Structure formats: structure tokens, C-alpha cells
2 protein chains.
Amino acid sequence: MPASRPRVVVVVTGSELARGDRRDLNGPFLARELTQLGLEPERILLVGDRPEPLQAVLAEAVEADLCVVSGGLGPTHDDRTVELLARALGRSLEVDESLAREIEAFSQAVAARLRRPLSEFASGIRKQASLPAGGLSLGLAGSAPAILVEHAEGKVAIALPGPPAELQRLWPNAVAHPAFQELLRRASAPERRSLRFFGPSESAVAAALEESGGDGDGVEATVCARDLEIHVDVMVSPGGEERGGELVAALQSAFPNDLFARDDERPIEEMVLGLCRSRGLLLACAESCTGGLISARLTEVAGSSDVFVGGVVAYANRVKETTLGLPAEILAKHGAVSAETAAAMAAGARRALGAGIAIADTGIAGPGGGTPEKPVGLVYLGVDGPEGARTARFELSGDRETIRARATALALHMLRRTLTHSGTDPRETAS
Amino acid sequence: MPASRPRVVVVVTGSELARGDRRDLNGPFLARELTQLGLEPERILLVGDRPEPLQAVLAEAVEADLCVVSGGLGPTHDDRTVELLARALGRSLEVDESLAREIEAFSQAVAARLRRPLSEFASGIRKQASLPAGGLSLGLAGSAPAILVEHAEGKVAIALPGPPAELQRLWPNAVAHPAFQELLRRASAPERRSLRFFGPSESAVAAALEESGGDGDGVEATVCARDLEIHVDVMVSPGGEERGGELVAALQSAFPNDLFARDDERPIEEMVLGLCRSRGLLLACAESCTGGLISARLTEVAGSSDVFVGGVVAYANRVKETTLGLPAEILAKHGAVSAETAAAMAAGARRALGAGIAIADTGIAGPGGGTPEKPVGLVYLGVDGPEGARTARFELSGDRETIRARATALALHMLRRTLTHSGTDPRETAS
């Protein structure tokens, strides 16, 4: 009889997380990595640094076959993960002298760089070199080690440092450990099929999914709206391949023009850059209400500089005139938030920045600045490229952040549609 | 005898969260709101849509005095929160006919806008109008209602829709409900004192905290590094006021030049805009390696347009020359990544965009493009304002995203220091 699928729990510690002062990056990273390995976590627990709730959470988490804890390994008094993990496992804490020497060597370099005495670090070094009895260090990144403890019947507890870069650097060491590999033998990574739509509502996609029989029979489908896209993930367990294929085919034929990505997880900005690259087009943008977000998303992609030449954030009207060469008459006649201005901004960015295609936006992100004729959420986009110019008008809802993010997503999809000639949005107008 | 402090648990549902495909915004929002009300959550649980783990989490969560659940209220088959919450509470599900009419009215508008038949929405409407017996709707945002159920001895369970804008719109209705207010009477919101430092290491701040006696006696202090700032939060419970004041004073005198915010939670970009406003200076930026992030952060602040005129994302060298008027000789002699280029970009942005002060950056965000002389992570900043020009050189570590985010934070703090004349970073050079 094969052993059952391992139960996995992730614990993310930090009072700033439990109070909502910081967004957690480690839970999502660990969840993604574990899911890809077939070890999708049953739950992710965020908990503060206070001893009682943290102790309760850890005691519960070590019941799982695999428990991965992030944070609380630092040198400060409120870093309690190792001490409380040891207690949850019923083990004592012991200083690992060779680890202490490693941490001291690292701390010497830091102290030198910051021009601080090493003595400032001394108590932290002893603290950070303390491990639950029987546990071992998986290596250092920064001054904190990652820690692995094997306990009851092949169960594994792993503690990783909280800074995301350090956690991500040490994670492969945890995966490579024989005890982790032993758990992996009991996991079966499901095959994952993904479809991304732009256009239909989440309800319509869900209805199409139900009409085609829904999930079950080794297939689990989830529908979610994300950044104006509708994502369908179909997780196919062994034996569910045929049913999974049917579901995917049914969804594909329900919205043939709206499906833009199949098993393609690249963010839309990366797709746009790829389309420009394959057509030999340089890309530029002129942003008003998105204030730099389009440029920021495009340049987040490594290697974007071979396609993206740059952008202008034209917040003041004067900047629209001087940097983008926008005729003052257009602003005077139609106003800054108008289809004409969006078109002229795109044309101006294409010309001024020497690009083959350019996208522009102008709108009212709010909360102030709206009028009955031009309410908060009104956004015009303009694209100017080798196939001509086109504008689109949207009335978006939400707060300032939401409107800016939606306008950015719409702009990127307008570029995609233009570059793939994949039809127009009913809201787009050729000019 | 006063009733004890309410135990609070937050549950955030969604397979895309448990798999790490999306960052959760609702947990942090709810945690922040609850903490401000004195109801800091004991734990935040993220769990997927599969029935068994979700059922287990909800059964556990409703044991708390207050349980707030986000997500899983949608019309689709994998939205199971209400059904499983009812089961956790031992209640049946009942369709609320008046709620059904409200949801239908909303759905009609959506169907009309999307040009879809209302029949597509019919089963979703019945599903979304089903409540645990005895529960009530707190209002709609989108098609999903927020739900409140009072159960055993004043305990309260609340379910809110997953889309962050909808959740945030309905949250005040939950807080206003008498059962929630009754819980609030048992909570005592601790006073919160916060200090933010720019300069010292987290270890140094933690050491200073310990030297001054550490926390205890009604005072809980946490130290965390965030966006290159070191934040110290001192939560003062009734009776701990004196000790709290001592701690704050000790930290303040330990790093007098590095403390830049006291009980001031405004993000650095908002502080910079405020400093410009009070000095009557218009602000511009010229970005290379940050690719729009500085502009995006500044324009995230509502009302930024009265100070921030715009920016140029000068990714290609040609854009640096044409849009910012950067002399070709500087690029030829010193290269795009140099102090001279950063200075000339700042001067160019100030002139071309008509600003009183401008910030510029140029650097190598990686992963490609590094050389032994100019490695990945090398970043130059330049500021040009009424008090003259200054540049700074940094060697940053981390991946592309980290380097870009750190360069952005350094640029904003360089602006702050320039605007407050609060000394220079040892790495800054007047030019």
C-alpha cells in the first residue's frame, strides 16, 4: 500500500504581517514551490511574534508531515521561532559551535562594512547558532541559518529566514535534503493546464465550465478573476487526463476570441514585449493617469531593454506639450482627458522616443478631479503603430489604486490585441 | 469581572492564494483594520477552495470570538464559504428572498453591460442569496453580499467577498453591526508609538532597544526592516505609558540623525511630496534602472499632481539624449551607468520638465548586463535642485525586483534628505 499524500502546512511569522503592516512574500513563494512539487499546502498560517499564539500555531503545524516556517530567526529578542519550534518538538536547544563560527565570520564582514563593533553582534550570534537538538543547519544567507529537523516517523520541520531573498536562496537546500526527498516520493505532482481569457465575465466562464460538466473525476478546476483577466486552472490527477482535455477543449471553443494564453504563465507585459520583439518593433509609452505603472511593469521583465526604449510620465499638461509635442489646441479644445489627447500622446511618444509602436493613457484616477461629464474612473487609451492609430474609452470603478492598476492592464491588453491583430474591443475606436 | 479580550481569527480562502499564484490583499487589510480597533488577529489562515481543508479551517475559526472570512462567496461552484460556514456553525442554508431580488437587480445591470442573457446568472443568484439560518446580509458590493452570523454566547462570524475593493466597501457595515460593537467593548486598543530610521542596521536598532531595557511591563516592541527603513513599533497597553515613553526616548537619542518619522505612517513618497509642497517646489524624475517605479510611487499618492509634474523613463540611451538633452560626450566618456550621467539626467529632467527639483537614477538591475567594473546592482542617483546638485553611488544586492525596489527607496530618501537638509549619506558626493 503506498503511503498517503503528505500533509503540508506553511507558517509565516512576524507581527508586522499579523497586523497587516507588510505584505507577505514568503507564503506565496513557498506555496508556489510546494505546489509545483505536488505538495500543495493544506493551509498557510500567518502569526505574530507573541509567544503564546506562535507556540499554539507551531504545535499544530508540526503535526503535519511537512511544516515549513518562515521568519523569526533573526538576532533580536522578538525572533522566537527556533526556541518555540524546539518546544513544539519536545527538544532542547543546543548551540552548534561550527555554525556559531560561520555566523561570526559573516557578522565580522557586516560589522566592518557598517563600521560597528563586533560586540554589537555577540549575543545575536549565540542565539542564531542555537538549534533544536538533532536539527541541522541548511546553510546561511545573511546571519540566519535555515534549519531542518526530522522528527516522528519521517516528519520534517523546516525553518527559513524571513527576508525573502534569503529564504529563496536557502530553499533549494531544504528541497535537496534526503528527508525532504523522501516526502517527495509520496507526493504526486498533478498536471496543470491553464487558460487565460480577456473579455468575458467570471460568471460566464464559470457557466461554460458547468455546462461542459464541471470538474470531478480526477480533475479540479478553479476560475478566478485577476488583473482583468479570467484564469482557469485545471489540475489533473493521474487518471483524469481525458476529462481534463475535454474541459479545456470546451472552454476554448466557448470563447475562441477571448482566449489569449494556454499553458502560458507569462505576465501580459512579457507577452507584449515578446510580440514586439518578434515583429521587430521598438515600444514606448506616454502615461498620465497610470503615472509610470506601465513602464514599471514592462521594465520589470529582464531583458526588456532590447524592445522598450522608454516612456514619458506626462502628469502636468505642460509636460504633455513640451516632451510629447502635444498641440496646445487639442488640450484647449478637448481637454487633457479625451480620446484626442490620448491619440496625440501616443503619436507624440512614438515620434519623440523613436519607437515603432506606442501606448498612451489619460484619465481621472481620483479620488478628486472628477466632474459630471468626466467622472473619476474615466480613462482613454491610445495606441499608435505601424497599422495606424486607435483609441478606447473606459469607465472604471474602484479606488485610485484599482483604477490605475486596471488602466495599466487594459493598456497592456490593448497593445497585445493590436500586435496580434486579434480583433478589437467594442470600446475601441480606430482614428 | 470584565470579559476577557476577544480572540480573533481571519480566514482568507482561494486556491490561487494557497498555491501562491496571487498575493493576498485581504488578510493585510483586515489585520490592519482589526489591529487599529484593538482586535489584533491571533492568526490569519490562508486556505484553498477544496472542501475538506476549508471545512477544517472554518470549524476551528468559528471557535474564536470573532472570525472574519474572505472569499468564496462568488457564483461559481468552487465558492464554498457560505455552505461550509453554515456547516461549521451547525446551521442549515436558507435562501433570503429579499437578498435574491437585490442580487438579481444587480445582475441585470451586469448582464446588460456585457450583453449576456440574465439566464447565465440565474443559478448564481440563488446560490449567492443563500445564508446560514439566522444570518443576515450586510449589503452587496458586486453580486456577493457580506454576511454576519451571531452564534454561541456573543460570538460573531463574518464572511466578506474576496475582491479587495468589494471587501473594503462592505467592511464598515460589519464594524457598525451591534454584535461587532459588543465585541469592541471587550477590546482595548493599545496605544501605538512608531519610529522609523533610515541608516542604521536592524541589529544596531535591536541592540539599542535591548540596552535601554527591552520591552515588557505593558510594552511590546518590534523591530523590522522594510523597504530599507528600520521600523520600531511600540505597542503600549494601559499602565505601560511611562515605560513606553522611556523606550521611545532612548531609541530617539541613540540615532538622532537617522530618525526621520515619529508616529508618522505616511509612506516616504508622501513625505517627499509634502516637503516639496511646503517649499513650493515642483518635482520631476528621470529614471533608468527603476523604469518608472519612482513615478509610480509618487503618483500613487492622491493629489500628487500639484507637485509632481512628470518623469521620463529613459531606458534607451537615445531617449536620454533626446528627451533629457543628455550630452552624447558624457555617455561616450563615462557610460550610461555613471555619476556623471545620473547628474546630467537630473539636470535634464529639471530643465526639460520645468521642475524645481529632480531625481535621476541609472544602474544595472540585472540579471544580465553586469561587468567586473560595473556589476549588477551598481546604481547611481543624482539630485538637482535649488541647493545644487549631488550624486550617490550604491552597490545593491538581490534580484532584479529587489534592486529596482531598493534603488527606488534610496532615491526617495535622497530627495527627503535633500529637502530637509538633514545631512548627507556618506555615499553621496556634491558635484
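Predicted model: local features only at pLDDT ≥ 70, side-chain atom pairs only at ≥ 80, totals over all residues.
Q: What rotation superposes chain B on chain A?
A: Happy to start with the symmetry. The superposition leaves an RMSD of 0.2 Å, with 0.2 Å of shift along the axis. That is the relation of a two-fold axis. The rotation is 180 degrees.

Q: What percentage of the interface residues of chain B are also interface residues in chain A?
A: The contact takes 91 residues from chain B and 91 residues from chain A. The copies meet through the same surface, because the shared fraction of chain B interface residues is 99%.

Q: What is the area buried between chain B and chain A?
A: Carbon and sulfur atoms give 51% of the buried area. B:Arg19, B:Arg43 and B:His77 supply 10% of what chain B buries against chain A, more than any other three residues. The whole area buried between the chains is about 7500 Å².

Q: How many salt bridges does the rule find across the interface of chain B and chain A?
A: The side of chain B that touches chain A divides into 43 nonpolar, 22 polar and 26 charged residues. One of the pairs that join the chains is A:Arg404 with B:Glu300, whose closest N and O atoms are 3.2 Å apart. Polar contacts across the interface come to 38 residue pairs, and the salt bridges there number ten.

Q: Which residues are linked with A:Arg43 in a network of salt bridges?
A: This network draws on both chains, with two members in chain A and two in chain B. Besides A:Arg43, its members are A:Glu60, B:Arg43 and B:Glu60.

Q: How many residues apart in sequence are the parts tied together by A:Arg126 and A:Glu97?
A: The closest N and O atoms of this salt bridge are 3.0 Å apart. A:Arg126 lies in helix H6 (residues 122-128) and A:Glu97 in helix H5 (residues 97-114) of chain A, so the pair ties together parts that are separated in sequence by 29 residues.

Q: Which residue does B:Arg23 meet in a salt bridge?
A: B:Arg23 lies in the loop between helix H1 (15-18) and helix H2 (26-36) of chain B, and its partner is in helix H16 (residues 400-420), so the pair ties together parts that are 378 residues apart in sequence. The N to O distance is 3.7 Å, and the partner is B:Glu401.

Q: How many salt bridges does the structure hold over all chains?
A: The pairs described above are among them, including A:Arg126 with A:Glu97 and A:Arg350 with A:Asp384. Over all chains, the number is 47.

Note on methods. Residues numbered from 1 in each chain as written. Chains lettered and ligands numbered in written order. Heavy atoms only, no water. Least-squares fit on C-alpha atoms with pLDDT ≥ 70 in both. Contact = heavy atoms within 4.5 Å. Salt bridge = Lys/Arg side-chain N within 4 Å of Asp/Glu carboxyl O. Helix = DSSP H or I, 4+ residues; strand = E, 2+ residues; numbered from the N terminus. Buried area = accessible area lost by both parts, 1.4 Å probe. Polar contact = N/O pair within 3.5 Å; in protein donor to acceptor, adjacent residues only side chain to side chain. Nonpolar A, V, L, I, M, F, W, Y, C, P; charged D, E, K, R; others polar.
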